[in-house]
Amino acid sequence: QVQLVESGGGLVQTGGSLRLSCAVSGRTLSRYPMGWFRQAPGNEREFVAAIRWSGPQNYYSDSVKGRFIISGDNAKNTVYLQMNSLKPEDTAVYYCAARGGISGTWPWTNDRAYDYWGQGTQVTVSS
């Protein structure tokens with residue numbers, strides 16, 4: 001059974017950095033695309049970043065491009081989201097997600113394209 005466990009969230013000041021981790025169990029990380037999403041109170045869940053291992057290739061939402069970096073460590077079966085130059089509008093619960101297959105059209109930015117989800121980790125950016 002595939003399980004995703006996020007960690008690394010917390011409280012940080014504007015301009016600061018955090019690195020989120022998503023530990024993957026039940027499958028080999030490098031086979032299936034992964035993504036990060038976030039949801040702020042009162043808002044719908046929104047796409048943040050995605051990675052697929054052929055290439056590899058990364059894709060980011062316009063709101064985080066140039067500030068966030070998605071990466072993976074196959075030896076640790078872990079996906080990371082390095083978040084730099086954080087802004088108050090980045091405040092949200094961040095979720096790690098995994099696709100159940102590799103077919104389809106890259107990039108996968110719709111949350112319905114992902115089959116497995118973590119429990120989320122809170123990121124709060126103070127102004």
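Is C22 buried or exposed? In this predicted model, C22 counts as buried, because its relative accessibility is 0%.

## The disulfide

A disulfide is a covalent bond between the sulfur atoms of two cysteines. The count for this structure comes to one disulfide. The bond joins C22 to C96, with a distance of 2.0 Å from S to S. The link of C22 and C96 is left-handed, with -75° about the S-S bond. Since C22 lies in strand β3 and C96 in strand β9 (residues 92-98), the pair ties together parts that are 74 residues apart in sequence.

## The four-stranded sheet

Strands of a sheet pair through backbone hydrogen bonds, either parallel or antiparallel. Strand β3, which holds C22, belongs to an open sheet of four strands in the order β1-β3-β8-β7, and the pairing in this sheet is antiparallel. Strands β1 (3-7) and β7 (68-73) stand at the edges, each with a single partner strand, so one side of each is left without a neighbour in the sheet. From one strand to the next, the twist averages 15°.

Within the pairing, L4 stands opposite V24 of β3.

Where does N77 lie? N77 is found in the loop between β7 and β8, the latter strand covering residues 78-83. N77 is buried, because its relative accessible area is 15% and the cut-off for buried is under 20%.

Leaving aside residues up to four places away in sequence, N77 touches C22, A23, V24, R27, T28 and L29.

## S126, in strand β11

S126 has its place in strand β11, which covers residues 121-126. Is S126 buried or partly exposed? With a relative accessible area of 28%, S126 is partly exposed, because this value falls between the cut-offs of 20% and 50%.

When residues up to four places away in sequence are not counted, S126 touches L11, V12, Q13 and T14. S126 and Y80 are 46 residues apart along the chain, and their C-alpha atoms are separated by 22 Å.

Note on methods. Residues are numbered from 1 along each chain as its sequence is written. This is a predicted model: local features need pLDDT of at least 70, side-chain atom pairs count only at pLDDT 80 or more; totals for chains, interfaces and linings use all residues. Side-chain values use heavy atoms; hydrogens and water are left out. Two strands pair if DSSP finds at least two bridges between them. Helices (H or I, at least four residues) and strands (E, at least two) are DSSP runs, numbered from the N terminus. Axes are lines fitted to C-alpha atoms, for helices over the stretch in contact, and angles run from 0 to 180 degrees between N-to-C directions. Buried means under 20% relative accessible area, exposed over 50%, partly exposed in between (1.4 Å probe, protein chains only). Contact means heavy atoms within 4.5 Å. A disulfide is a pair of cysteine sulfur atoms within 2.5 Å.
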